[in-house]
Amino acid sequence: MAPPPSPPRNLRRLLLLLLVAAAAAAGEEEEFTEELLLRPLPDRKALAHFHFRTSAPLSAAAGRHHHVFPKAIAQLVQQFHISDLELSFTQGRWNYEQWGGYDPMSTNYAKPPGVELWAAFDLPLGEIDATWKNLTHTLSGLFCASINFLESSTAFSAPRWGFKLNEGNLRYGALPREAVCTENLTPWLKLLPCRDKAGIASLLFRPSIYKGYYHSQKLKLTSSQSFGIVIDQTLTVVLQPDTFRGKQLHSTDGQLQPSWSMKDLFHRKLSGKCLVSKSSRVFLEIEKDVVDKIGKSGTEASWTNELFVLSTAPDRMLKELNNMDAQSSLYEYDVTKYNNDKPLDVGITWKLPLIWSCTPAPYHANRFLMGSGNERGSIALSFRSTNLHNQLFGSSDDCSIKAVVFQVVPWYVRVYYHSLQIFIDGNSKAISDVVDKIHVTPSEDKLLPGSLEMLLRLPCGMQAATLSLDFDKGFLHIDEYPPDANQGFDIPSALVTFPEFNSSRSYPETDTLLVSPLLQTFKEDSVVKSYTEVLLVPLTTPDFSMPYNVITFTCTVLALYFGSLLNALRRRIGEEERELKKAAAKRGLIPLLIAKLRGKVGPPPQGSSPTSLVSTKLLLKVVFVAVVAITFHYLSNS
Amino acid sequence: MASSATEEAKPKPRLIVRLGVFLASHHILFSAICCTAGVIALLFLPALAKNTYLSENALIPGSANTLFSTEDVLEANRFAKGIEAATGESRGGTEIPKFIAQQMKNLGAEVYYHEFLPDSKCFHPLKFFTSMTNNMAVKPNGTYTNFGINTIGIIRAPRGDGKEAIVLVTPYNSQRVQPNELLSLSLGFSVFSLLSRVAWLSKDIVWLSADSQFGEYTAVSAWLNQYHNPMFLSHPVTLATKMYGANRIIYKPDGTTEKAELMAFKRAGTVAAALIFKVGETRKYGDRDSVTMYAEASNGQMPNLDLLNVVHYLAVHRQGFRVNIETFSSLLTSSWLKVIAEVFHNIGTVLRKVNPDWKLDVTVPDYVEGTANLASSIYNQALGIPTGSHGAFRDYQVDAVSLEFGPAFHLRNENAKSSFLLRGGRLTEGVVISINNLLEKFHQSFFLYMLTAPSKFISVGVYMIPFALLLAPLPIVAAALAGSSKTKGKLLDECKTKGSADDLQIECGSWKWLKSARVLLVIQFWAVLVSLLPYYISQIPGAMPIQYAVIWAVLSIAILIILYAMFGSPFHAGVEWKLLKATMITTITLGMGLMSIINFATAQLGALILIPMCLFSRPLREQLEMTFLPRTILLVSSILLTLLGFPPVAFLIMNGLSKGSWTVDIVGDFWLWMEFLWEWSSATYLYVFLVHLPCWLLCIHVLLHPCHQPESKMKQE
């Protein structure tokens, strides 16, 4: 695809001049940076992480006018007094086993499927719920998504410490079923000063980024008096490099790492930066394990070595600062040096087949449902040790690892929190032995979801642990069923945090002027987190396709009931008997005689002959009429 | 109307009451008409079958082009060769799981082994309905050398959220792989390998290669049990090491994580549907490869009809298979059925001339085939025992169907084999595509139906009619009997003024039925005891089935005698036979009604045997104002029907009809059959002992009733 047409040169220059003038006028200027991080993954896929940061001072001097900062967001922050906000749209699941669970990417940018929104407000506690509701509606309009379903008090919760430590001013909500598509990406791109017309965002070719295995677009907003408003817009995608050129991959092709470049991932090349951006950079990250392997082979991890070669010479190479022997390395490219004539196409070509693995989180957390049927079940959360602790700190038996579990459960899944059971390596443990701190908000029917925050202390030598909670399935009112009720109902992902493990990575700062926001976020204190699977609970559903039957049946029953009731109420038996006697007295002689005669024949025990005589007559008549009707029909037809 | 004319002084009763009285006074005619109509309607059912249709629009079978290509066939052949090579050098059943796991791993799937023990099914009265669940987990105490290994691979849907999964099952015997099992394994693998590459998946795919050395059902049910009701209290880690100790060859010796990885049980969300497919033996007859669908799960539960429709549509209209369902082949050649078919055909043509919209004229071969299929369908549902491993899924409310491919070629014929693999793979892929399309679980189509052909079904609304017709006369007859005995009582009422004794008053009053109710309760109690006896009898080690059965019969009779000694024999208590019969009919109505909710087919078949027996039963000694011929006919038919109603005899006849072979060892076979029923926790067992047997015994009581007591009382009067 051709790059989008650029405006005339002189116009662009004029714009730039204007911008510079405006920046000079304001004391602190609004800034925009764009970055892209690429990383080969062990399972033949590639990760691409777009990071756009726009910041604006929170001063009254700027007034209502902004240069690069999106006005809608600024108004949002002012209106709702937001101090922190994070909104993520995700499709697909982050594969914690293959793609790593112990690096800044997985802890910050691995999100649960669907929409997740949390916000902290700078407001008195009483006003927060109302503000949250307004906020969900605003965001829903801004991002073309049904975030407004988080408005209902059954959809959000207020975690105290299980999600993020706060003073009660944080609200958290998730919509696991929300589908993510381009209609959510377009408004997100609208917030960027160049949209996807220029700069790194121009790589976002829709068919290729939506073809990936994981797609998470996120907006993080922080506002404070000292730093102003900062929006971090990130898009994390995991793609299968399109290097097989249509050929289907068979198992016989083996485990060879594909060599790829940006062209293979996005079907685009990068031709210059977004002009208003302060810095525009592309990074290619090589995992610790690979660097280690290069180190073993005796060469320096430069851009061309024994294992791989990069398609373009990087401008810089950054090494992670830590005291361990193996560090991941980053190769940095400055997009300003490239243009239409000389586009940037970062790629990697493997020289040797290589198998490596990413560092996992200390435990793989999985959640699943137990039991069957429409009545009850249990939620189980299982931890499987990856023996990371032994690798990091050596094996010791008397230590323990902290894990925080945060889980929100909708009200119609009625969890019995007292039924919490903990099994460690197949032995049942007392709750007090494992749970250090627990905070439960029980659910209220049609009002409040249940939420569970729990601090666990798991022994280091443990291999597997399972927590189980029993629940009953509730009944919904017929109005409360969603349109596709027979699919079942979702329990949003639980979040497991390991507070003792920090995944932050720091890199040496060579250029103080051009600080990379991406590397800054990597440096920030980020504890290791992992989200569990979304669960699907089948509830009892009425047969919606049969309202007619239901109506007719209930009406019949009601009619029968009321009919007989009325009959019984207004009937006067004494009156009727009198009437009957009168009628009997009026009767002629002949019927009386017949009756007498019959009475003399005597009441036979069963199948009395005279009655059957009468009935055979009757039957004969009926048969006769039927035969006549059928013959008539037959004759008239033929 | 006619009956009301007799009552002049009384107020005219309401219409519904008059109707009831009218019917009760003609109850013999009414019951005769209803029963014949019921039987005729039952025989007419194959003519009333409708063509199946797809209810769920989301399924859209066959709308997508299948991707399964010759390359996948090559993949399957390569896999089959690999297994042959692996088994050639092995000295146990562990090479195949290892090979399968390695192949799945190469595809990028998540793999693990699931070990299970053969479940020792035993009858436990207190765990009748729950015995299937918790006794299958591998217990840590003691070392087991004999266990099965399922190999499971999971493909995570690339963009899916992992809430739902589709399970594919290929059973094989890991001890001795037959060529046909090898073919089904390679078919399963090639489909799995294709699905690991496709982009359209929205549900995860689980491929369970089930080790069927202890039976298919055991393997699948053990896995499902672990999937849904895992046991955390065992010692998974120590167990794993023990297993490694037992057979080191399975697992790589390096690294503990690898072991834990392969032993850790992985899950993939709620199971949306399951497809079990296997390749059967080569069929000599038939020009086309066939697919046989098995759908009956425990207690007559069926999967959603849409699932069968999808399979049938794709198999017939896309891949050119011949689709079969189970049938009673002995019925196909029976001449009496042909006669009935002719009759129905003629009636149908006449009716069609009357009204061209009535399309009831089925051709004779269609009718015969439909009846044979329907009989097999009813029989399988009535037994209440799953016809394959799909039954294990139905226990967890998962729709599942078993497909057995019947190749019409020799398995050495490579060309035919690849064409078969291609079509089989496309069929499986097509079904997976359709299920994958589903947004909601199967709910649109029928769950209550019987099949008369792979593409013809009878829904619940139609097959209820014969049963309702059979059941309709029962309350009327009971009322008539009770009423007639009441009128006699009225005559006796006059004696009340004379006789001052209290007991006589009770006998004369309307509380007389209490006595027959007591008899009924005693017999029900006996029936419960008899149904529990096998548990204790089966504890006796090392006896022949026939011995067990004889012990059972002797004990039952002994218990009956003891109960009579304790509570008094009904013959001496002076229970009127009409009341006894009325009570019996009432209980049978209740029992049948209840059973029809639990397992309709059982109730239907039971009604066919029980209801004529009940209606015909009358004391042998009763004097009737009849000529000799009708009286003997009546007596002989009542004796015959009672004989037919005896459970072992009924079983023999059923067996003979279904298999076409009449065995001699009824008693032993009956024991084996009963054992079979309770091993599978079939509700039919409860029906036979709590509804059928007491009713039969009451019939015997009625037959042998010494009619003299009421007469003597009449004489007293």
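Student: Where is the place of A:R268 in chain A?
Tutor: A:R268 sits in the loop between α7 (262-266) and β10 (279-286) of chain A. Keep in mind that this is a predicted model.

Student: How do you know that A:R268 has no salt bridge?
Tutor: Start with the cut-off: a side-chain nitrogen of Lys or Arg must be within 4 Å of a carboxyl oxygen of Asp or Glu. For A:R268, the nearest side chain of opposite charge is A:D196, 6.3 Å away.

Student: What lies 2.8 Å from a polar atom of the side chain of A:R268?
Tutor: The backbone oxygen of A:S202.

Student: What makes A:R39 and A:D103 a salt bridge?
Tutor: Their closest N and O atoms are 2.4 Å apart. The limit is 4 Å, so the pair qualifies. A:R39 is in strand β1 (residues 31-40) of chain A. A:D103 is in the loop between β3 (82-91) and α3 (104-109) of chain A. The two are 64 residues apart, and the pair links distant parts of the chain.

Student: Are A:R39 and A:D103 buried or exposed?
Tutor: Both A:R39 and A:D103 are buried.

Student: What makes A:R376 and A:D472 a salt bridge?
Tutor: Their closest N and O atoms are 4.0 Å apart. The rule says within 4 Å, so the pair is counted as a salt bridge. A:R376 lies in strand β16 (residues 376-385) of chain A, and A:D472 in strand β22 (residues 464-473) of chain A. The pair therefore ties together parts that are 96 residues apart in sequence.

Student: Why does A:R376 count as partly exposed?
Tutor: Its relative accessibility is 47%. Buried means under 20% and exposed means over 50%, so a value in between is partly exposed. A:D472, at 23%, also counts as partly exposed.

Student: How far apart are the closest N and O atoms of B:K417 and B:E414?
Tutor: They are 3.8 Å apart, and B:K417 forms a salt bridge with B:E414. The two residues are three apart in helix α14 (residues 414-437) of chain B, so about one helical turn separates them.

Student: Why is B:K417 called buried?
Tutor: B:K417 has a relative accessible area of 16%. B:E414 is at 45% and counts as partly exposed.

Student: Which residues do salt bridges that share partners join into one network?
Tutor: A:R39, A:D103, A:E285, A:E287, A:E320 and A:R505. Over all chains, the whole structure has 38 salt bridges.

Student: What makes the phi of A:R44 worth a remark?
Tutor: Phi is near 65 degrees, a positive value in a residue other than glycine. A:R44 is in the loop between β1 and β2 (46-56) of chain A. At a relative accessible area of 12%, A:R44 is buried.

Student: Where does A:K446 lie?
Tutor: In the loop between β20 (435-441) and β21 (450-459) of chain A. Phi of A:K446 is near 60 degrees, again positive in a residue other than glycine. At 44% relative accessibility, A:K446 counts as partly exposed.

Student: What is the order of strands in the open sheet of chain B?
Tutor: The order is β1-β11-β10, three strands with antiparallel pairing. β1 (50-51) and β10 (449-453) of chain B each have a single partner strand, so they stand at the edges and one side of each lacks a neighbour in the sheet.

Student: How do you know that β10(B) and β11 of chain B pair?
Tutor: Pairing needs at least two bridges. Here there are four, in the antiparallel sense, with β11 at residues 456-459. In β11(B), B:I458 is the bridge partner of B:M450.

Student: Which residues of chain A does UniProt place under "transmembrane region"?
Tutor: The unreviewed entry gives 548-569 and 618-635. In the model, residues 548-569 of chain A are 100% helix, with end C-alpha atoms 31 Å apart. Residues 618-635 of chain A are also 100% helix, and their ends are 26 Å apart.

Definitions and conventions: Residues are numbered from 1 along each chain as its sequence is written. Chains are lettered from A and ligands numbered from 1 in the order in which they are written. This is a predicted model: local features need pLDDT of at least 70, side-chain atom pairs count only at pLDDT 80 or more; totals for chains, interfaces and linings use all residues. Side-chain values use heavy atoms; hydrogens and water are left out. Buried means under 20% relative accessible area, exposed over 50%, partly exposed in between (1.4 Å probe, protein chains only). Lys and Arg count as positive and Asp and Glu as negative; His and the chain ends are not counted. A polar contact is a pair of N or O atoms within 3.5 Å; within protein, one must be able to donate a hydrogen and the other to accept it, and residues adjacent in sequence count only if both atoms are side-chain atoms. UniProt positions are given in the numbering used here, feature names are shortened, and annotations may be inferred rather than shown by experiment.
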